[in-house]
Amino acid sequence: MVVVVTLITFIVLMTLGVFGLLAGGAPKASAAPVCNAALCMYSDANYSGSTLTAARGVSGDYPNLKEKGFNDAMSSMNNMVNHTQVFYSDANGDGYRGYLPPYAYAPDLANIARTQSIFGNLISWNDVISSVYWIG
Ligand SMILES: [Ca+2]
């Protein structure tokens with residue numbers, strides 16, 4: 001009986017999302033690892049896989065990520081400085097444009113919408129970024 005009540009309580013709490021809230025809720029800023037650069041870009045979600053770093057300013061711009069072996073590869077990133085980073089789906093600042101605000105973390109670009117298909121499906125930023133620039 002105790003097991004059944006415990007199980008039902010567990011299911012109810014899961015349904016209410018209580019464990020999700022206890023685990024930290026929506027923003028997971030603290031989950032990001034320390035990035036020893038102004039910007040860190042990763043080939044996998046949750047700051048894993050291959051890493052490409054960038055300094056702040058023009059020297060940290062990558063107009064063509066193909067030259068860095070990072071074209072259409074980025075799945076997470078974190079911005080460690082008080083400047084905005086802008087990224088594009090194509091090289092040389094072409095295509096779709098997105099922003100990573102100062103000190104913002106993006107643990108999974110698959111969850112960030114780039115556009116919407118004609119059927120209404122959200123199309124993400126995962127594995128499409130081809131250029132990045134610092135602004136401000
Ligand atoms: Ca691309």
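Strand β4 and strand β5 (residues 97–100) are joined by 4 bridges and run antiparallel. Strands here are DSSP runs of E with at least two residues, numbered from the N terminus, and two of them pair if DSSP finds at least two bridges between them. Within this pairing, Y88 stands opposite R97 in β5.

Please keep in mind that this is a predicted model, in which local features need pLDDT of at least 70, side-chain atom pairs count only at pLDDT 80 or more, and totals for chains, interfaces and linings use all residues. Residue numbers start from 1 along each chain as its sequence is written.

On its other pairing, β4 (residues 84–88) meets strand β9 (residues 131–135), also in antiparallel fashion. Both pairings are set out here.

| Pairing | Bridges | Partner residues |
|---|---|---|
| β4 with β9 | 5 bridges | T84 and I135 |

Together, 3 strands make an open antiparallel sheet in the order β5-β4-β9. Because β5 and β9 are at the edges with a single partner strand each, one side of each has no neighbour in the sheet. Neighbouring strands are turned by 25 degrees against each other on average, direction ignored, with axes being lines fitted to C-alpha atoms and angles running from 0 to 180 degrees.

How confident is the predictor? The protein chain averages a pLDDT (confidence in each residue, from 0 to 100) of 82, and 76% of the residues score at least 70. Over residues 7–29, pLDDT stays under 50.

Technical notes
pLDDT = per-residue confidence, 0-100. Contact = placed C-beta atoms within 7 Å.
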